[in-house]
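Dear colleague,

Please find below the structure that I am handing over to you. My findings follow it.

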Amino acid sequence: MRARNCITYPALILCAAALTLTACKPLPPSKPSSEWTPQEARGAQVYTQACARCHYPTNTHSLHGPGLQAITKIKSMPSGAPPTDERMTERIIRGYGMMPATQLTDDQLQDLLVYLKTL
């Protein structure tokens with residue numbers, strides 16, 4: 001009888017988690033790379049070089065930092081701040097918490113911000 005309860009309890013937790021996830025509003029999908037503008041493509045290259053080692057681009061799962069899917073389409077970033085260009089620029093250039101500051105040219109930063117809007 002005990003072994004049966006041990007098996008049932010994890011199953012109940014998984015069911016509750018599945019119900020919670022399906023009740024959440026899904027995030028909008030990322031723009032397909034085949035539809036990127038040249039600036040978005042350059043921003044994707046900046047992302048790959050400067051951000052991808054810590055952030056997933058197409059989901060919200062944590063790598064070393066939060067996943068960035070729909071980061072510009074949500075009310076607040078993981079820090080709680082709104083995802084404005086100014087706020088994201090501040091986080092990218094100066095860093096925040098465990099996120100280090102990132103050295104980018106003005107053009108690279110603008111390309112990256114445009115790319116982040118495709119996520």
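Leucine 116 is in contact with Tyr47, Leu68, Ile71, Thr72, Met88 and Ile92, neighbours within four places in sequence being left aside. Please note that the model is a predicted one. Leu116 is also among the residues with the most contacts inside the largest nonpolar core, together with Tyr47, Ile92, Leu112 and Tyr115; this core has 17 residues. Helix 2, helix 3 and helix 4 (106-116) each supply at least two residues of the core, and helix 4 gives the most, with 5 residues.

As to charged pairs, the whole structure contains 4 salt bridges. In one of them, arginine 42 meets aspartate 111 at 3.1 Å, N to O. Because arginine 42 lies in helix 2 and aspartate 111 in helix 4, this pair ties together parts that are 69 residues apart in sequence. Aspartate 111 is buried, at 9% relative accessible area, whereas arginine 42 is partly exposed, at 41%.

Aspartate 85 and lysine 117 also form a salt bridge (3.1 Å, N to O). Here helix 3 is linked to the segment after helix 4, with the two residues 32 apart. A further salt bridge joins glutamate 40 to lysine 31, with the closest N and O atoms 2.9 Å apart. Glutamate 40 is buried, with a relative accessible area of 9%, while lysine 31 is partly exposed at 29%.

Finally, the largest pocket has a volume of about 660 Å³. Its lining comprises 25 residues, with His55, Gly65, Pro66, Arg91 and Met99 nearest the centre. By type, the lining divides into 17 nonpolar, 6 polar and 2 charged residues. Helix 3 gives the most to this lining, with 3 residues.

With kind regards

Key
Residues are numbered from 1 along each chain as its sequence is written. This is a predicted model: local features need pLDDT of at least 70, side-chain atom pairs count only at pLDDT 80 or more; totals for chains, interfaces and linings use all residues. Side-chain values use heavy atoms; hydrogens and water are left out. On a 1 Å grid over the protein atoms alone, a cavity is a set of points where a 1.4 Å probe fits but cannot get out, and a pocket is an open set with protein on both sides within 12 Å along at least five of seven lines; lining residues have an atom within 4 Å of a point. Grid points are joined across faces, edges and corners, and a volume is the space filled by probe spheres set on the points. Helices (H or I, at least four residues) and strands (E, at least two) are DSSP runs, numbered from the N terminus. Ala, Val, Leu, Ile, Met, Phe, Trp, Tyr, Cys and Pro count as nonpolar, Asp, Glu, Lys and Arg as charged, and the others, Gly among them, as polar. A nonpolar core is a set of buried Ala, Val, Leu, Ile, Met, Phe, Trp, Tyr and Cys residues joined through side-chain atoms within 4.5 Å. Buried means under 20% relative accessible area, exposed over 50%, partly exposed in between (1.4 Å probe, protein chains only). Contact means heavy atoms within 4.5 Å. A salt bridge is a side-chain nitrogen of Lys or Arg within 4 Å of a carboxyl oxygen of Asp or Glu.
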